[in-house]
Amino acid sequence: MSFKNYMKDHCYTFLFILVAVTASEIFLLTCKMHWVIRIYFALAIILACIAGFLMDYFKRRKFYNKVLNDLDKLDQKYLIHEMIARPDFFDGVILKEILDEVNKSMVEQVNLYKLQQEEYKEYIELWIHEIKIPIATSKMIIENHKNEVTQSIDEEMDKIENFIEQALYYARSNHVEKDYIIKKCHLQEIVSEVLKKNKNSLIKEKIKIELHDLDIDVYTDFKWCQFILNQIIQNSIKYSQKENKEIEIYANTYKDNVVLYLKDNGIGIKSSEITRVFEKGFTGSNGRNANQKSTGIGLYLCKKLCEKLGMNIKIQSKNENGCIVMIVFPKDSRIELL
Amino acid sequence: MIKIGIVEDDKKLREELSIFLSKNGYEAMILTEFDNMISSILNSNCKLILLDINLPYFDGEYILKEIRKVSDIPIIMMTSRDNEIDELLSMNYGADDYVTKPFNIQILLAKIAAILKRTLKIDTNQNIIDCQDFILNISKSKVQKGNEEIELTKNELKILHFLVQKRGEIVAREDLMKYLWDSESFIDDNTLTVNITRLRNKLEEIHLSNMIETKRGQGYILK
């Protein structure tokens, strides 16, 4: 709050004071008053006004400077109204009341959306649990009536199951509260579960599996990690070459982390696109041409879930020479003391 | 036959589950008195219970807790809720195991077998199987015929075991591979061929030739 702006704001008041002083001087002149009295009179009025304005100016300056300063330091700017002490001048009080009112209304509005989002997430989770029952039943029927037709339906059921799982984790990933448990998991066990889950398509596509160096413990949520690996294996299946398909899975322990490598010899990712594969909704040129269209959600979710679990995911590809996905599990030597 | 109780509110699912268990050598019993499930389970004389979590009247977790107060009957929880927290809760309430819907059927069977083995000391996967022409010793991974015996590798043993279980039926290569994958041998097509050839050669060593016959385009059959 600069003095210049304050003066500008009060220019009419100054003008009126000047007019009043001039008018009274003219009056005193016509009354033939002594010049000392005239100057004393004029000075008294002007000095009183200046004192009044200065007091008002410093009071306001102190108040607004504090507000601006606090606002600057605040992380969540909307909380500023909580920081303002009740001002002792009228328009300041109005400002504070407006801010309080606005904030209250905003909080109500935000809570409404929060509630709606929460309800929607709950509905999605409920729906997912409901839909799993008919899927389980269908799978049992298929198992009890094995033939070529049901086998083919079984593959489609697997796809449905995968899409549903994606939706479930999408709903979970947008949520702030933790619904996962970090505990000691054996890498071999996680990888085996994922391979078993995809056995139908892996066997059908004649993909050779090479596993080594997986006898390592990591700290993560088993289910979430399984979901992440599942997305990557499915990509490897989706973008495989025509012949000699192979997926190699191995891990390596470093000083501060454990890295799980999933290496395939599929069609790979174009170098111009590799930086964007974790973006939501991004489908590369390969994704648009594959038999099964890419949704651009899988890797985006992987990245998001990895971040929540404190893990990292990286991808490397040499044009048309397959790709390597690296999942980095943090390792803290202190954890082993527990 | 070992009686297994099924507590599941979805009619079709419990019926299909019961058919599946019957096909795999168990006696399945469907329990439907949901308003009186606890005494119904306790009086059923089942050796193992498959218990759903979302049930009318009382939920599965409550039933499990109440049963654990009086009985140690093995219980496998079935649920469509797929997260670690629910799993942990169930295990804390005293469930013996936990499967999520839709379940991998082979894994469900394996879990049932493992629990029965532990609780009833009945080994559903017998360690020594008498196959008339030869004896399959699973714990030692050996095939014996008279005084002669051969040692099998892990994969060869699994293949022979599966063929023995399905003796007289044609076993599709794909089914054989799926079985191997479920028991964590992630082998490919070529490796399976190699393993079958080796197995045949080994069987021939103890004069068991032409036991495994190839049905072109269909699979293998153990005569």
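Between which strand and helix of chain B is Pro102(B) found? Pro102(B) sits in the loop between strand 5 (97-100) and helix 5 (105-120) of chain B.

Residues are numbered from 1 along each chain as its sequence is written, chains are lettered from A and ligands numbered from 1 in the order in which they are written, and side-chain values use heavy atoms, with hydrogens and water left out.

**View 1. The cis peptide bond at Pro102(B).** Lys101(B) and Pro102(B) are joined by a cis peptide bond. Its omega is about -10°. Most peptide bonds are trans. Helices (H or I, at least four residues) and strands (E, at least two) are DSSP runs, numbered from the N terminus.

**View 2. The loop that holds Tyr57(B).** Tyr57(B) lies between strand 3 (48-52) and helix 3 (60-70) of chain B. Its phi is positive, near 65°, and the residue is not a glycine. Most residues other than glycine have a negative phi. Tyr57(B) is exposed, at a relative accessible area of 64%. Buried means under 20% relative accessible area, exposed over 50%, and partly exposed in between (1.4 Å probe, protein chains only).

**View 3. The loop that holds Glu184(B).** This loop runs between helix 7 (173-182) and helix 8 (189-205) of chain B. Glu184(B) is not a glycine, yet its phi is positive, about 70°. Glu184(B) is partly exposed, with 39% relative accessibility.

**View 4. Chain B around these sites.** Chain B has eight helices and 12 strands. Its C-alpha trace spans about 60 × 35 × 30 Å along the principal axes. Chain B has 223 residues, and 50% of them count as buried. Take the contacts (heavy atoms within 4.5 Å) in chain B with a separation of 6 or more: 55% come from residues 24 or more positions apart.

**View 5. Confidence in chain A.** The mean pLDDT of chain A is 86. In chain A, 95% of residues reach 70 or more. pLDDT is the predictor's confidence in each residue, from 0 to 100. Helix 7 (residues 187-197) of chain A has the highest confidence, at a mean of 91. Helix 10 (residues 285-289) of chain A has the lowest, at a mean of 67. Where pLDDT is low, the predicted coordinates should not be read in detail.

Methods. This is a predicted model: local features need pLDDT of at least 70, side-chain atom pairs count only at pLDDT 80 or more; totals for chains, interfaces and linings use all residues.
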